[in-house]
Amino acid sequence: MAVSSTDNAPAAPPVAPRRKSHAWPWLLLLVALGLAGWFGRNWWQAHDARQRDAVIGTDQRLEALDDRVDGLRRDQRAQNQRLQQADATNRVLRDELLGIGQRSTLIEDSVAKLADPDRHGAQALRLDEAELLLTMGQQRLQVAGDLDGARRAYALAAGVLDGVDDPAYLSLRQTLVQERAGLDAVGAEPRVRAMARLEAFANTQTVPPSRTSAATDTRAPWWKRAFGSIVQVQPTDRAVAVHPADRSAALAGLQLEISLARAAAERRDQAGYRAALSRADAWLTRLHPESAALRNLRDELRQIGAMPLSLSLATLGSTLQQLRQLRTAR
């Protein structure tokens, strides 16, 4: 019997069933993670950019705020300066207003005094004129030493007071008469008298002849006349100048000190005046030997130095003081 070939052929191995693949979920997970990372990175970059923008905006706002604060500070300083200027202007205006008020008060007082029926306007003007004349006379005497000008001012004041008929000023006229009598009793001004006496003394001072020359003295012994021009004998302690040039120099020194005394008298410098005359006294001893004439000259110079240069009058200014007291009391 014939055997079929198909029957004798070895049997084919069984085919294993195909397993289901599990790789795609991981692939999807990787894709998802990649997408998540990409989106996360983009989000982080955007967030970082937003933060940087926010920081930049904050910095800009802070700079703007600083600028505004600086501007406010400048405005505040300018405002303070304007306030200080306004305060200074207000103080000046306040002082001016106070001055105007004071002047207005003085004007009102003056008008009230002139309008007062108990105070005659003409009498007030006369008293003002008398006070001015008395003040001028006192100042002329004390400042300029003008005795004649002071006498004229006091005489004018007496004429003005004669026109005041108020009996309250009768004692004032009597005081003025006493003060004028004191001025008249003075005579010349002390400085003028001292300078006149000093000028007379200076005019008498010339180079006196030397008495030590025995060659020209006919009454000297023959040996003095013979040898006097060659040899001169004198004490070593004698201060009198012998040579004509020395005597001329001593006289020039004396006249210089007298000139300095005149200058001191002009400015009423009593100390400088007496110091110059004291130095002039030393020059006299160089010109004159010890004798009665020298003592007389030195006494004359001391008397001139003791003379006052300023007028000292006890009643000076008494009328002016009494007038002011009367006007204040009334």
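Author: A polar contact here is a pair of N or O atoms within 3.5 Å, where one must be able to donate a hydrogen and the other to accept it. Please bear in mind that this is a predicted model.

Reader: Which polar atom lies 2.6 Å from the backbone oxygen of Phe-201?

Author: That atom belongs to the side chain of Thr-204.

Reader: And where is Thr-204 found?

Author: Thr-204 sits in the loop that runs between helix 6 (190-203) and helix 7 (222-227).

Reader: Does Thr-204 count as buried or exposed?

Author: Thr-204 counts as exposed, because its relative accessibility is 52% and the cut-off for exposed is over 50%.

Reader: Turning to helix 6, which of its residues are buried?

Author: The buried residues of helix 6 are Pro-190, Arg-191, Ala-194, Met-195, Leu-198, Phe-201 and Ala-202. Viewed down the helix axis, they fall within an arc of 125 degrees, so they line one face of helix 6.

Reader: What span should the 14 residues of helix 6 have?

Author: At 1.5 Å a residue, helix 6 should span 20 Å, and this agrees with its end C-alpha atoms, which are 20 Å apart.

Reader: At what angle do helix 6 and helix 8 pack?

Author: Helix 6 and helix 8 (residues 244-266) pack at about 170 degrees, and their axes are 10 Å apart. The angle is over 145 degrees, so helix 6 is roughly antiparallel to helix 8.

Reader: Which residues make the contact?

Author: On helix 6 they are Arg-191, Met-195, Leu-198, Glu-199, Phe-201 and Ala-202; on helix 8 they are Gln-255, Ile-258, Ala-261, Arg-262, Ala-265 and Glu-266.

Reader: A change of topic: how do helix 9 and helix 10 pack?

Author: Helix 9 (residues 270-287) and helix 10 (residues 292-306) pack at about 175 degrees, with axes 9 Å apart. Helix 9 is therefore roughly antiparallel to helix 10.

Reader: Which residues of helix 9 and helix 10 meet?

Author: Among those in helix 9 are Tyr-273, Leu-277, Ala-280 and Leu-284, while those in helix 10 include Leu-294, Leu-297, Leu-301 and Ile-304.

Reader: Finally, how many helices and strands are there in the protein chain?

Author: The protein chain has 11 helices and 0 strands. Of its 330 residues, 25% count as buried. Among contacts with a separation of 6 or more, 74% are between residues 24 or more positions apart.

Definitions and conventions:
Residues numbered from 1 in each chain as written. Predicted model: local features only at pLDDT ≥ 70, side-chain atom pairs only at ≥ 80, totals over all residues. Heavy atoms only, no water. Helix = DSSP H or I, 4+ residues; strand = E, 2+ residues; numbered from the N terminus. Buried < 20%, exposed > 50% of the residue type's maximum accessible area, 1.4 Å probe, protein only. Expected span 1.5 Å × (residues − 1). Arc of directions from axis to C-beta. Axes fitted to C-alpha atoms, helices over the stretch in contact; angles between N-to-C directions. Parallel < 35°, antiparallel > 145°, perpendicular 65-115°, else oblique. Contact = heavy atoms within 4.5 Å.
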